[in-house]
Amino acid sequence: MSDGLEWVEDVWFSMGDYGNLYFTCARDISPQELAARVAGQPVDILPALTLREAADVVADKKTVHSVGRIGTSGEWSYLVETGECPGWDLPAEVSRDGAEVLVLDPQMDNPPHIMTYSKDGRGLSLCMFDAYGDTDGPLRDAFTEAGLFNDEDEEEDLNPDQLLLRAVGDYLNLSLPRNTILEGRLPAVITRISPPS
C-alpha cells in the first residue's frame, strides 16, 4: 500500500527534536538536480544520513543552515530538508525545463502550512492550508476532484490538512516513503550555509 502524503502533517507536529521538515518534490529531474536548484548552486552528495544526524549537522547553525536528504519515489525525486529553509518562497524558476515542483512547508512559526506547485518555470499555485479555496491551477483541480469543496461531511478519519495532502498526492501520483524518510539513511546535501534572507 502507498504511503501517500497525508502522514507528512502528523510528522510536522511530532518531530520537534529534529526541527521543521521541508519537503520539495520534483518530476522529470534527478534528486541531485533538484537539490542543486533549491540550493541555487551545484551540490556535493555527502554520505547517507539519518534524520537525527541531519538535524545534528544544523543544530548550531554556525556553518550549515540547512541539510537535505534526497531520494526517489516512483517518477518523483524528493528533497527533505531540516534547518532554515526558504520553503514556499522558492521561485517558480526551480521548475524550469519542463519539471514539476511541489513544496510542502510546515510554517510552524507562522501557521498555516503552505503548499506550492509550479511547472516549467511558471504557473505558481499557492495553497494556505486553512484557505485552500483561494488557490488556483492544479492544486485547486486536485481539491475539486477529491470533493473537498463539497459541503458534505467527510467520513474519513483524517483531519482537513491530511485530506488536502491526500488529494494532492492522488492527483499528482506522488507518494513519499514514510519509513525510509523517518528511519532510514539517505544521501545528504548541504542546501544552505547562510540564513534565508
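Guide: Happy to! One word first: a residue counts as buried when its relative accessible area is under 20%, as exposed when that area is over 50%, and as partly exposed in between. Please also keep in mind that this is a predicted model.

Helix H2 covers residues 31-39, and seven of its nine residues are buried. Those buried residues are Pro31, Leu34, Ala35, Ala36, Arg37, Val38 and Ala39. What covers them? The cover includes strands E1, E3, E4 and E8.

Two backbone details sit close by in the chain. Most residues other than glycine have a negative phi. Asp28 is not a glycine, and yet its phi is positive, at about 80°. You will find Asp28 in the loop between E1 and H2. With a relative accessible area of 59%, over the 50% limit, Asp28 is therefore exposed. Just after H2 comes Gly40, which also has a positive phi, of about 80°.

Now for the sheet, the part I would like you to look at closely. Eight strands make up this open sheet, and reading across it you meet them in the order E2-E8-E3-E4-E1-E5-E6-E7, with antiparallel pairing. At the edges are strand E2 (46-49) and strand E7 (122-128), each of which pairs on one side only. Neighbouring strands are turned against each other by 25° on average, if direction is ignored.

Let's zoom in on some of the pairs. Strand E3 (residues 66-73) is joined to strand E8 (residues 186-192) by four bridges, in the antiparallel sense. There, Val67 faces Ile190 of E8. Strand E6 is mostly covered, with five of its six residues buried.

Next, see what lies across the strands. Helix H4 (residues 137-145) lies across strand E5 (100-105), strand E6 (114-119) and E7, and runs at about 50° to E7. Helix H5 (residues 160-172) lies across strand E1 (21-27), strand E4 (76-83), E5 and E6, with an angle of about 165° to E5.

These helices also meet each other. Two packed helices are described by the angle between their axes and the distance between the axes. The axes of H4 and H5 cross at roughly 105° and come within 8 Å. Angles of 65 to 115 degrees count as roughly perpendicular, and that is why H4 is called roughly perpendicular to H5. On the H4 side the contact is made by Pro138, Leu139, Asp141, Ala142, Phe143 and Glu145, and on the H5 side by Leu164, Ala167, Val168 and Tyr171. By class, this contact has eight nonpolar residues, two charged ones and no polar ones.

H5 has another helix partner. Helix H1 (residues 7-14) packs on H5 at an angle of about 135°, and the axes are 7 Å apart. H1 and H5 are therefore oblique to each other. Val8, Glu9 and Asp10 of H1 meet Asp161, Gln162 and Leu165 of H5. This contact has three charged, two nonpolar and one polar residue.

One last stop: the cysteines. Cys25 is buried, with a relative accessible area of 0%. Cys85 comes out at 10%, which is under the 20% limit, so Cys85 counts as buried too. Counting a disulfide as a pair of cysteine sulfur atoms within 2.5 Å, how many disulfides are there? The count is zero.

Key. Residues numbered from 1 in each chain as written. Predicted model: local features only at pLDDT ≥ 70, side-chain atom pairs only at ≥ 80, totals over all residues. Heavy atoms only, no water. Pairing = 2+ DSSP bridges. Helix = DSSP H or I, 4+ residues; strand = E, 2+ residues; numbered from the N terminus. Axes fitted to C-alpha atoms, helices over the stretch in contact; angles between N-to-C directions. Contact = heavy atoms within 4.5 Å. Parallel < 35°, antiparallel > 145°, perpendicular 65-115°, else oblique. Nonpolar A, V, L, I, M, F, W, Y, C, P; charged D, E, K, R; others polar. Disulfide = S-S within 2.5 Å. Buried < 20%, exposed > 50% of the residue type's maximum accessible area, 1.4 Å probe, protein only.
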